[in-house]
Amino acid sequence: MSLLPHKLIIIAAPSGAGKTSIVKHLLSALPDQLGFSVSCATRTPRTQETDGVDYYFITADAFTQRVAAGEFVEWEMVYEGKYYGTLRSELERIWQLQQTPLLDIDVKGGLKIKAQYPQSLSVFIEPPSLAVLRERLAARGTETEASLQVRLDKASEECSYRDRFDHVIINDQLGVACAQALQLVQDYLSK
Ligand code: 5GP
C-alpha cells in the first residue's frame with residue numbers, strides 16, 4: 001500500500017469552454033487509470049444525460065440534507081438556485097478501485113479542491129475568447145438567451161482565476177487541447 005497521498009485531477013473551466021469533451025477524451029484514453037467523479041446536481045437532466053453516469057440528479061432538499069451530513073468535499077451554487085457538489089464517497093470509491101478521480105468542475109469548486117488536496121493536478125481550460133464561447137454555447141442549443149448571458153458573465157469572472165491553476169490550456173482547437181491535456185495527465189500519473 002502506497003503512503004503517498006492519493007492523486008486527483010481537476011479539470012475546471014467556464015461552461016462551454018470544451019471541458020466536458022476534454023474530460024471524455026481523457027477517460028477514453030486512460031480508462032483503467034482514471035475514474036470520472038460523478039457529482040450531485042439539482043438541475044434537470046438534459047436529453048442525453050443519465051442519472052448516476054453524468055450526475056446524481058437530486059432535489060434541492062436532498063442536496064441540503066447531504067450538505068448537513070458533511071457528504072461533500074466541496075459544493076457550489078454554480079447557477080442561481082442550482083447546486084453542484086463533489087461527494088467524498090465518490091472520491092473514495094474511485095481510489096478503492098486503484099484509479100485516479102477525474103473531476104469536471106466549476107472554477108471556484110476546482111480551487112476549493114486544490115486547497116484540500118494540494119497534491120492534485122489542476123488544469124484550467126480557457127476558451128479562445130468570450131465571442132467564441134457565446135457561439136459554442138448557442139450551438140449547443142441547451143440555453144435560452146437569458147441563461148446564455150448568465151453563463152457568459154460567469155465565464156468572464158472565472159477567467160480571472162486562471163493563474164491559480166497548475167496549468168492553463170487554451171481550447172482553440174479541440175484536438176490540440178485534448179492532446180495537451182493527455183500529456184499533462186500522463187506526466188502527472190507517472191510521477
Ligand atoms: P452543467 O450544468 O453545464 O452540467 O455544469 C455547470 C457547471 O458545474 C460546469 O462548469 C461543471 O463543471 C460544474 N460542476 C459539475 N459538477 C460540479 C461539482 O461537483 N462541483 C462544482 N463546484 N461544480 C461542478
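Q: How many helices and strands does the protein chain have?
A: The protein chain has seven helices and nine strands, taken as DSSP runs (H or I, at least four residues, for helices; E, at least two, for strands) and numbered from the N terminus. Just so you know, this is a predicted model: local features need pLDDT of at least 70, side-chain atom pairs count only at pLDDT 80 or more, and totals for chains, interfaces and linings use all residues. Residues are numbered from 1 along each chain as its sequence is written, and side-chain values use heavy atoms, leaving out hydrogens and water.

Q: OK, and what box do the C-alpha atoms fill?
A: Roughly 50 × 40 × 30 Å, along the principal axes.

Q: Switching to the ligand: how many residues surround it?
A: There are 18, and the closest are K19, S39, Y55, Y84 and D104. Being near here takes a heavy atom within 4 Å.

Q: Which strand gives the most to that shell?
A: Strand 5 does, with four residues.

Q: And how does the shell split by class?
A: It has six nonpolar, four polar and eight charged residues. Asp, Glu, Lys and Arg count as charged; Ala, Val, Leu, Ile, Met, Phe, Trp, Tyr, Cys and Pro as nonpolar; the others, Gly among them, as polar.

Q: What are the distances from R43 and R46 to oxygen atoms of the ligand?
A: A polar side-chain atom of R43 is 2.7 Å from a ligand oxygen, and one of R46 is 2.9 Å from a ligand oxygen. Polar contacts are N or O pairs within 3.5 Å.

Q: What about E74?
A: An N or O atom in the E74 side chain lies 2.7 Å from a nitrogen atom of the ligand.

Conventions
Polar contact = N/O pair within 3.5 Å; in protein donor to acceptor, adjacent residues only side chain to side chain.
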